[in-house]
Amino acid sequence: IMNLNWGKQAAAGNAPFRFAPAAGPAFFEPFGWREASFRSILVEARRIDREMPMAWLWRLLGAWRSAKKQEEFKRFSAALLLERAARA
């Protein structure tokens, strides 16, 4: 998804996306890892008062999105803590 939205601009700046699996964090599950915690970069930036310029506008526009779309947007850019999954 990231490549579809930002790929051309990132490549033009010589910063192409090299890792953005379609499965998201579930990509790591076959390798024995699972998501332990998730932190949205957008939410964390607001929490520590380090938002990008015009972030208020994104929040305002996002208020009209469905709850599902809002959650998808939060997960667009995040920091994850992975942990070893328990073996069955």
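These are my notes on a few residues I looked up in a predicted model.

**Ground rules.** Local features need pLDDT of at least 70 and side-chain atom pairs 80 or more, while totals for chains, interfaces and linings use all residues. Numbering runs from 1 along each chain as its sequence is written, and side-chain values use heavy atoms, with hydrogens and water left out.

**Entry 1, the patch.** I looked for a nonpolar patch on the surface and found Met-54, Trp-56, Leu-60 and Trp-64, with about 520 Å² of accessible area together. (Patch members have over 30% relative accessible area and no salt bridge, and nonpolar side chains are joined within 5 Å; a salt bridge is a Lys or Arg side-chain nitrogen within 4 Å of an Asp or Glu carboxyl oxygen; areas are Shrake-Rupley with a 1.4 Å probe.) Trp-64 sits in the loop between α3 (55–62) and α4 (67–74); helices are DSSP runs of H or I, at least four residues. At 67% relative accessible area, Trp-64 is exposed (over 50%; buried is under 20%, partly exposed in between).

Most residues other than glycine have a negative phi. I noted Asp-49, with a positive phi of about 60 degrees, in the loop between α2 (41–47) and α3. Met-54 from the patch also has a positive phi, near 70 degrees, and lies in the loop between α2 and α3. Asp-49 is exposed at 67%, and Met-54 is partly exposed at 46%.

I found Gln-70 in helix α4, partly exposed at 30%. Which residues does Gln-70 contact, leaving aside neighbours within four places in sequence? I got Gly-62, Ala-63 and Arg-65 (heavy atoms within 4.5 Å). The Gln-70 side chain reaches the backbone oxygen of Gly-62 at 3.1 Å.

Methods
Patches are made of residues with over 30% relative accessible area and no salt bridge: like charges are joined within 9 Å, nonpolar side chains (Val, Leu, Ile, Met, Phe, Trp, Tyr) within 5 Å. Helices (H or I, at least four residues) and strands (E, at least two) are DSSP runs, numbered from the N terminus. Buried means under 20% relative accessible area, exposed over 50%, partly exposed in between (1.4 Å probe, protein chains only). A polar contact is a pair of N or O atoms within 3.5 Å; within protein, one must be able to donate a hydrogen and the other to accept it, and residues adjacent in sequence count only if both atoms are side-chain atoms.
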